[in-house]
Amino acid sequence: MRTLKHIGVCAAAVVLLLIVPFMFTDGFSKLVSGTDAVSSASVIIDKPSGSYTVLINRDRHRSESDLAAWNEFFSGGDFAIIFDDIGCVTLEGDEGALTMAQSFMSRLPENQMTVTVSDPILALSKADNGRFDMMIVSDEAAAAYGISSVYEGKNVDVIRVTDGGAE
């Protein structure tokens, strides 16, 4: 009888210490809900005012259909489902470009776009050598750092985004 009581107390302690806290996590709710659907973000962030340049490295996107879909997406048009993930670089201190990147990210399924804020000199040096997926830069930062070296004569798509849409 003592042994059964001991086992019961230990089992109750394990349930209280491990199972009950797990029930209040996101992992438990995902496990119970039974859906693993990809959905868009629930809060869409508005685009900031101003003019921005979106650079897409064509070498990182081999599929022409995915590249066309990304161009359509960043141009503000209707886009189909994109199966390609993308990494976005913004320059440190370029808050408008960061907000624009977050706005684009909020329109995509979770984790399809990652945004990295990087040192401007390091980021542009890497970009000059084709070591970037995509980059968003405001006109002010573009003028200050001279980003034309990143896309002139290279395999890079350039999309201009302004308050009224893409140019």
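Reply: Start with a definition. A nonpolar patch joins nonpolar side chains within 5 Å, from residues with over 30% relative accessible area and no salt bridge. Keep in mind that this model is predicted.

Me: Which residues make the nonpolar surface patch here, and what is its area?

Reply: Val14, Val15, Leu16, Leu17, Leu18, Ile19, Val20, Met23 and Phe24 make it. The patch covers about 920 Å².

Me: Where is Phe24 placed, and is Phe24 buried or exposed?

Reply: Exposed means over 50% relative accessible area. Phe24 has 72%, so it counts as exposed. Phe24 lies in the loop between helix H1 (2-23) and helix H2 (26-33).

Me: How many helices and strands does the protein have, and in what order do the elements run?

Reply: Seven helices and six strands. From the N terminus, read α-α-β-α-β-α-β-α-β-α-α-β-β.

Me: What share of the residues is buried?

Reply: Buried means under 20% relative accessible area. Here 34% of the 167 residues are buried. The protein exposes about 10,300 Å², with carbon and sulfur atoms supplying 57%.

Me: What share of contacts joins residues 24 or more positions apart?

Reply: Take the contacts with a separation of 6 or more. Of these, 76% are between residues 24 or more positions apart.

Conventions. Residues numbered from 1 in each chain as written. Predicted model: local features only at pLDDT ≥ 70, side-chain atom pairs only at ≥ 80, totals over all residues. Heavy atoms only, no water. Helix = DSSP H or I, 4+ residues; strand = E, 2+ residues; numbered from the N terminus. Buried < 20%, exposed > 50% of the residue type's maximum accessible area, 1.4 Å probe, protein only. Contact = heavy atoms within 4.5 Å. Areas by Shrake-Rupley, 256 points an atom, 1.4 Å probe, with all protein chains shown as cover. Patch = residues over 30% accessible without salt bridge, like charges linked within 9 Å, V, L, I, M, F, W, Y side chains within 5 Å. Salt bridge = Lys/Arg side-chain N within 4 Å of Asp/Glu carboxyl O.
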